[in-house]
Amino acid sequence: LYGAGAFHQTLGDCRMAVDRYDALLAVEPDHEDGALQRLVCLGYLARHEDAIAAATRLIDDRFDNMGEAYYWRAWNHHKRERLSPARADIDRAMSLHVDSRVLALSGIIKYEQREFDGAARDLLGAINMDPAQCIARWYLGLVAFEHEDWPGTGNQFEASAGCYLASAERSEQDLARMRDANLDPVFKASQNDGL
């Protein structure tokens, strides 16, 4: 069941993946990876309240992937424009595990709370870990704008545009490889849609 859920999730079919993860959790309620991936898919399906509840269960049950659960709960609170709980959760996530996604979301939330220095620090950290963090570059431009640093604003927005362009070019290359690949047509179509 976990493999089937992961397969559908890889294909970009989170509705089917959630069904498989639900079936898995019905027979093995403490399957951490299944519970976490179900949570991720719920968020992508814009079922934010369900995702928040799923993350809370992982946190309350003290699963090993609590840091990821805090990140995804923050992500879903942010999607619902609830900055205070999003901030509390992303701060907790950062105390357990830091990667470029966590830093980028933390920077975005801090920017939206008008804590510009903290936002800049986290956004720069995200970019240093992963130069392809285009959204972090964009928000860094917004921080520079708030500081009325016009050259910095222009530089960051230009860097953001270059980052997005590079991402689009990588997707075009992946699409070309996918078109030429001898793969199952259903899988190929879903990958093309995702790209």
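These numbered points go through a predicted model of a protein, from the overall fold down to single residues.

1. Overall make-up. The protein has 11 helices and 0 strands. Read from the N terminus, its elements run α-α-α-α-α-α-α-α-α-α-α. Along the principal axes, the C-alpha atoms fill a box of roughly 55 × 45 × 25 Å.

2. Burial and contacts. The protein has 195 residues, of which 45% count as buried. For contacts between residues at least 6 apart in sequence, 46% join residues at least 24 apart.

3. Aromatic pairs. How many aromatic pairs does the structure hold? The count is 9. In one of them, the ring centres of Tyr44 and Trp72 are 5.7 Å apart and the planes stand at 75°. Planes over 60 degrees apart count as edge-to-face, so the pair Tyr44 and Trp72 is edge-to-face. This pair links distant parts of the chain, since Tyr44 belongs to helix α3 (residues 32–44) and Trp72 to helix α5 (residues 66–79), 28 residues apart.

4. The two partners of that pair. Is Tyr44 buried or exposed? Tyr44 has a relative accessible area of 54%, and the cut-off for exposed is over 50%, so Tyr44 is exposed. Trp72 has a relative accessibility of 6%. Buried means under 20%, so Trp72 counts as buried.

5. A tilted pair. Tyr111 and Phe116 also form an aromatic pair, with 5.6 Å from centre to centre and 50° between the planes, and this pair is tilted. Both residues, Tyr111 and Phe116, are buried.

6. The ring cluster. Which residues do ring pairs link into a cluster? They are Tyr44, Tyr71, Trp72 and Trp75. Tyr71 has a further neighbour to look at: Arg101 lies over the face of the Tyr71 ring, 4.4 Å from the ring centre.

7. Packing of α5 on α7. Two packed helices are described by the angle between their axes and the distance between the axes. For α5 and helix α7 (residues 100–112), the angle is about 35° and the axes are 11 Å apart. The crossing of α5 and α7 is left-handed. On the α5 side, the contact is made by Glu68, Tyr71, Trp72, Ala74, Trp75 and His78. On the α7 side, it is made by Arg101, Val102, Leu105, Ile108, Ile109 and Glu112. By type, the residues of this contact are 8 nonpolar, 1 polar and 3 charged.

8. Val40 in α3. Val40 is found in helix α3. At 8% relative accessibility, below the 20% cut-off, Val40 counts as buried. Leaving out residues up to four places away in sequence, Val40 touches Gln9 and Trp72. Val40 and Arg73 are 33 residues apart along the chain, and their C-alpha atoms are separated by 9.5 Å.

9. Most residues other than glycine have a negative phi, and most peptide bonds are trans. Which kind of phi does Ala46 have? Ala46 has a positive phi of about 65°, although it is not a glycine. Ala46 sits in the loop between α3 and α4 (48–60). Arg114 likewise has a positive phi of about 65° and is not a glycine. Arg114 is in the loop between α7 and α8 (116–129). Arg114 is exposed, with a relative accessible area of 54%.

10. Asp91 in α6. Asp91 lies in helix α6 (residues 83–96). With a relative accessible area of 34%, Asp91 is partly exposed. Between the C-alpha atoms of Asp91 and Leu140 the separation is 19 Å, and the two residues are 49 residues apart along the chain.

11. Thr153 in α10. Where does Thr153 lie? The place of Thr153 is helix α10 (residues 150–180). Thr153 has a relative accessibility of 7% and counts as buried. Apart from its neighbours within four places in sequence, Thr153 is in contact with Gly141, Ala144 and Phe145.

Note on methods. Residues are numbered from 1 along each chain as its sequence is written. This is a predicted model: local features need pLDDT of at least 70, side-chain atom pairs count only at pLDDT 80 or more; totals for chains, interfaces and linings use all residues. Side-chain values use heavy atoms; hydrogens and water are left out. Rings of Phe, Tyr and Trp (its six-membered ring) pair if their centres lie within 6.5 Å; planes under 30 degrees apart count as stacked, over 60 as edge-to-face and the rest as tilted. Helices (H or I, at least four residues) and strands (E, at least two) are DSSP runs, numbered from the N terminus. Buried means under 20% relative accessible area, exposed over 50%, partly exposed in between (1.4 Å probe, protein chains only). A charge sits over a ring if NZ of Lys or CZ of Arg is within 6 Å of the ring centre and within 35 degrees of the ring normal. Axes are lines fitted to C-alpha atoms, for helices over the stretch in contact, and angles run from 0 to 180 degrees between N-to-C directions. A crossing is left-handed if the near helix is turned anticlockwise from the far one by less than a right angle, and right-handed if clockwise. Contact means heavy atoms within 4.5 Å. Ala, Val, Leu, Ile, Met, Phe, Trp, Tyr, Cys and Pro count as nonpolar, Asp, Glu, Lys and Arg as charged, and the others, Gly among them, as polar.
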